[in-house]
Amino acid sequence: MNDDSDRNDPASQGLKIVVEDDRTGMHPTTLKRAVLDHLYYTCMKDPQSATMRNIYESLAHAVRDRLVQRWVRTQRAYYDADVKRVYYLSAEFLMGRMLGNNLINLGLYEVAETLLREYDIVLGTLLEQELDPGLGNGGLGRLAACFLDSMATLGYPGYGYGIRYEFGIFRQEVEQGWQVERGDAWLRYGTPWEIARYEYTVTVNFYGHIEHHRDSDGRLTVQWVDASKVLGVPYDTPVAGFGNNTVNTLRLWAARATKDFDFQVFNDGDYRRAVETKSLSESISKVLYPNDNSQEGKELRLKQQYFFVCCSISDVLRRFKKAGKPMSALPDQAAIQLNDTHPAVAVAELMRVLLDTENLGWDEAWDITQRCIAFTNHTLLPEALETWDVALFGRLLPRHLDIIHEINRRFLRRVEIHSPGDEAKMARMSIIGDSHDGKHVRMANLAVVGSHSVNGVAKLHSGLITERLTPDFAQMWPERFNNKTNGVTPRRWILLSNPRLSAAITRRIGSEWVTDLDQFEKLAPLANDEEFLDELRAIKHDNKVQLAAIVRKREGLTLNVDAIFDVQIKRLHEYKRQLLNCLHVVAMYQRIKRNPGLDLTPRTFIFGGKAAPGYATAKLHIKLINDVAATINDDPAMRGRLQVCFVANYGVSLAERIIPATDVSEQISMAGKEASGTGNMKFAMNGALTVGTLDGANVEIREAVGAENFFLFGHDADQVQQIKHAGYKSSQWIERCEPLRDALEMISSGFFSPDDKSRYAPVVHDLWHDDRYLVCADFAAYLECHAEVDTAYLDPYAWTRRVVANLSNVGRFSSDRTIREYATKIWGVTPIQIALPRET
């Protein structure tokens with residue numbers, strides 16, 4: 001027996017025994033020990049008494065341990081290699097749930113599934129324990145999240161900077177069809193992913209005034225005095241790359257008072273005033289996008305923007321100074337990307353620090369600032385191009401207004417030299433603009449002037465920036481303007497959210513597509529493989545069944561899984577034209593009512609999205625959609641033929657369930673208004689066909705997948721402009737389109753709102769007299785387009801071949817491609833490989 005034992009003992013055969021560390025080991029047995037360890041020592045539970053939340057936290061902490069090892073090694077490697085880093089400043093980071101994504105990127109998803117199965121727990125169910133961090137409103141924040149994922153996956157040294165909103169975007173409830181906003185306390189149970197870094201706390205100044213002095217050398221110096229102070233405390237979240245050892249950092253700033261509590265005031269009995277300073281200070285990071293319909297709301301928004309910019313610039317310079325290099329080397333070490341105009345005050349803030357703290361001269365400081373900063377524009381909407389009242393700006397940030405005036409003075413002198421005597425051009429390009437309600441700081445102009453690169457996010461959008469939005473700037477600095485079409489990460493939006501589709505594709509072309517989406521081109525020959533087409537249809541049906549179960553639980557509605565799932569899920573805004581979609585639903589309802597024997601392909605229309613709390617028109621559109629849904633879903637004649645669902649509280653996790661189940665993707669904004677869109681890309685990657693206008697990235701998607709595989713309708717951007725310049729009268733289009741006229745009459749009559757027949761009078765009036773987004777002009781073409789959809793869907797193999805054509809041509813819409821373009825053409829950064837120590 002002893003001989004047998006010796007023979008089976010690896011040590012007796014000269015073999016090295018490797019025991020994995022429970023904190024870092026990747027073997028299933030090691031992970032199991034780690035989870036049980038955290039269950040006992042972190043959650044103070046044993047397997048018999050543990051709740052699902054305890055098990056989620058235990059698994060999350062075990063995963064975080066493995067990330068921390070890579071995280072520390074990543075940061076050390078960046079310092080040792082003295083790399084240039086990317087700093088991505090964004091008011092939003094809509095990261096989504098993190099456990100599933102981290103398991104995927106670490107290669108532990110199947111391991112975790114197997115482990116939990118031992119305890120009769122389904123991983124997908126456990127993932128529901130995690131609350132979505134509501135740190136964004138829509139595409140802007142989700143794009144930032146995709147970019148962080150791609151930076152880590154490609155090995156680029158990158159950091160995200162934003163705000164740790166305590167409540168984030170609101171939780172949307174629907175009561176009697178109306179949107180109701182509730183606080184989204186996503187931190188109410190804490191989060192296992194973040195680590196507070198109190199040692200890097202930053203002091204932020206507001207208010208006060210500036211004083212000018214001469215130093216001993218006669219140089220003019222400026223001091224910002226009597227300022228009110230707030231602390232910015234950083235919270236770090238790891239961002240793991242897929243299949244490598246890179247873990248980058250998302251650093252979010254929380255506002256804290258410099259003095260939490262006035263003990264003397266409390267003892268005097270004024271309990272409210274004792275904590276007033278604390279409450280006012282911490283309101284800065286309380287809520288994402290506070291309603292700015294009031295002066296107080298405007299001031300809070302500007303506070304938020306400066307708060308996270310000040311903290312982030314301070315952090316960038318702290319890290320840079322560790323190397324002991326002169327400040328002139330900063331552009332070679334730091335690329336600062338502004339994600340839209342929210343962080344545009346970074347131009348003035350970096351100048352302030354370089355001038356007032358580092359004591360550089362103006363020209364050197366300006367050169368460094370411009371070489372460090374790059375700006376991404378995300379909108380063509382005039383109302384979204386931020387401006388701030390000069391009086392408000394000066395009261396809150398007196399030194400920054402002083403710097404902006406000087407930037408503007410020097411800049412306008414250059415404009416004058418470039419275009420002598422053109423005062424109109426100088427007025428258009430000035431950073432300080434005049435309007436009917438006084439002078440304003442134009443943040444987009446500041447960002448353009450203070451950056452070395454200005455990019456749009458789709459070819460059409462970038463062209464419209466130079467042609468319509470900032471033509472004077474583009475004429476002056478043509479080399480500064482460029483395009484970087486958006487993309488989305490295939491890790492979350494295919495591999496994680498659509499596992500059956502991922503498996504089917506991997507079986508046929510291998511797994512390299514996860515980090516090289518161009519590999520999807522290998523799917524093209526499978527368009528004639530009936531076995532593959534059958535499997536794609538089966539996957540789509542199963543995804544519909546899964547979504548139907550979620551909708552039944554959330555909304556109490558049973559979806560017809562054999563119908564076309566026609567989906568529009570995005571932020572509610574008039575230019576996105578959810579109203580156009582709703583009018584089509586009404587017209588379809590009327591057709592069926594008039595002709596019950598009509599042979600129409602069954603449709604299930606799914607809407608989702610939030611309207612800004614102060615956006616009354618968008619909220620009324622939500623109510624209309626819900627009233628139409630209630631009427632149609634309650635009509636026995638519509639059963640099995642037509643139904644409508646508005647899914648409340650749309651967010652990242654819900655999108656991960658809806659998108660894989662979608663047949664038809666509605667991308668129907670008025671041409672010339674959507675910067676890019678990324679939902680259109682996610683749908684195409686998951687086998688949905690697009691009904692869309694030539695707007696944003698729709699143009700490039702159609703070019704990629706082929707015109708025959710894209711359902712196009714509506715006027716293009718040039719035609720929209722021509723129609724408006726000619727004096728657009730929507731009433732003429734309504735009179736020529738009987739289905740539109742009838743739909744409007746039905747809505748106007750109060751048919752969908754019997755409790756308040758005039759409820760939708762403003763909607764109908766606007767369409768007749770002030771149709772700013774050409775709903776009426778595009779409606780007839782929209783109906784014809786959907787007739788094509790009906791016809792195409794009748795041939796399942798032909799439809800699925802179109803799906804394959806979409807799948808095989810979406811490679812260019814990976815955020816990996818986008819980030820490579822930023823890295824090589826704007827940031828000048830190179831990837832670095834991270835090595836882990838070998839287990840001993």
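Reader: Is Tyr306 buried or exposed?

Author: The relative accessible area of Tyr306 is 1%. A residue counts as buried under 20% relative accessible area, as exposed over 50% and as partly exposed in between, with a 1.4 Å probe and protein chains only. Because the value for Tyr306 is 1%, the residue is buried.

Reader: On what kind of model do these values rest, and how are residues numbered?

Author: The model is predicted: local features need pLDDT of at least 70, side-chain atom pairs count only at pLDDT 80 or more, and totals for chains, interfaces and linings use all residues. Side-chain values use heavy atoms, leaving out hydrogens and water, and residues are numbered along each chain as its sequence is written, from 1.

Reader: How many helices and strands are there in the protein chain?

Author: Helices (H or I, at least four residues) and strands (E, at least two) are DSSP runs, numbered from the N terminus. Counted in this way, the protein chain has 35 helices and 23 strands.

Reader: What is the radius of gyration of the protein chain, and with what does it agree?

Author: The radius is taken over C-alpha atoms, and the globule rule is 2.2 Å times the number of residues to the power 0.38. For 840 residues, a compact globule would therefore have a radius near 28 Å. The value for the protein chain agrees with that of the globule: 28 Å.

Reader: What share of the residues is buried, and what is the accessible surface?

Author: Of the 840 residues in the protein chain, 58% are buried. Accessible areas come from the Shrake-Rupley method with a 1.4 Å probe, and for residues only the protein chains shown count as cover. Carbon and sulfur atoms hold 50% of the accessible surface of the protein chain, which comes to about 34,100 Å².

Reader: How far apart are the mean positions of the positive and negative charges?

Author: Lys and Arg count as positive and Asp and Glu as negative, while His and the chain ends are not counted. Each charge is placed at NZ of Lys, CZ of Arg, CG of Asp or CD of Glu. For the 99 positive and 110 negative charges of the protein chain, the distance between the mean positions is 1 Å.

Reader: How many aromatic pairs does the structure hold, and of which kind is that of Phe206 and Tyr306?

Author: Rings of Phe, Tyr and Trp (its six-membered ring) pair if their centres lie within 6.5 Å; planes under 30 degrees apart count as stacked, over 60 as edge-to-face and the rest as tilted. The structure holds 19 aromatic pairs. With 5.8 Å centre to centre and 80 degrees between the planes, the pair of Phe206 and Tyr306 is edge-to-face.

Reader: Which elements does this pair of Phe206 and Tyr306 link?

Author: The two residues are 100 residues apart, and the pair links distant parts of the chain. Phe206 lies in strand β6 (residues 202–206), and Tyr306 lies in helix α11 (residues 295–321). The elements linked are thus strand β6 and helix α11.

Reader: Of which kind is the aromatic pair of Trp513 and Phe520?

Author: The rings of Trp513 and Phe520 are 5.3 Å apart, centre to centre, with 50 degrees between the planes. Trp513 is buried because its relative accessible area is 1%, and Phe520 is buried at 0%. The pair of Trp513 and Phe520 is tilted.

Reader: In which loop does Asp340 lie, and what is its phi?

Author: Asp340 lies in the loop between β11 (334–339) and α13 (346–357). Its relative accessible area is 8%, so Asp340 is buried. Asp340 is a residue other than glycine, yet its phi is positive, near 75 degrees.

Reader: What is the phi of Leu774?

Author: Leu774 belongs to the loop between α32 (761–769) and α33 (775–793). Because its relative accessibility is 0%, Leu774 counts as buried. For this residue, also other than glycine, phi is positive and near 55 degrees.

Reader: With which residues is Val586 in contact, leaving aside its neighbours within four places in sequence?

Author: Val586 is part of helix α24 (residues 578–594) and is buried at 0% relative accessibility. Contact means heavy atoms within 4.5 Å. Leaving aside neighbours within four places in sequence, Val586 is in contact with Val628, Ala743, Met746, Ile747 and Phe752.

Reader: How far apart in space are Asn291 and Tyr615, C-alpha to C-alpha?

Author: Asn291 is in the loop between α10 (276–282) and α11, and at 37% relative accessibility it counts as partly exposed. In sequence, Asn291 and Tyr615 are 324 residues apart. In space, their C-alpha atoms are apart by 9.6 Å.
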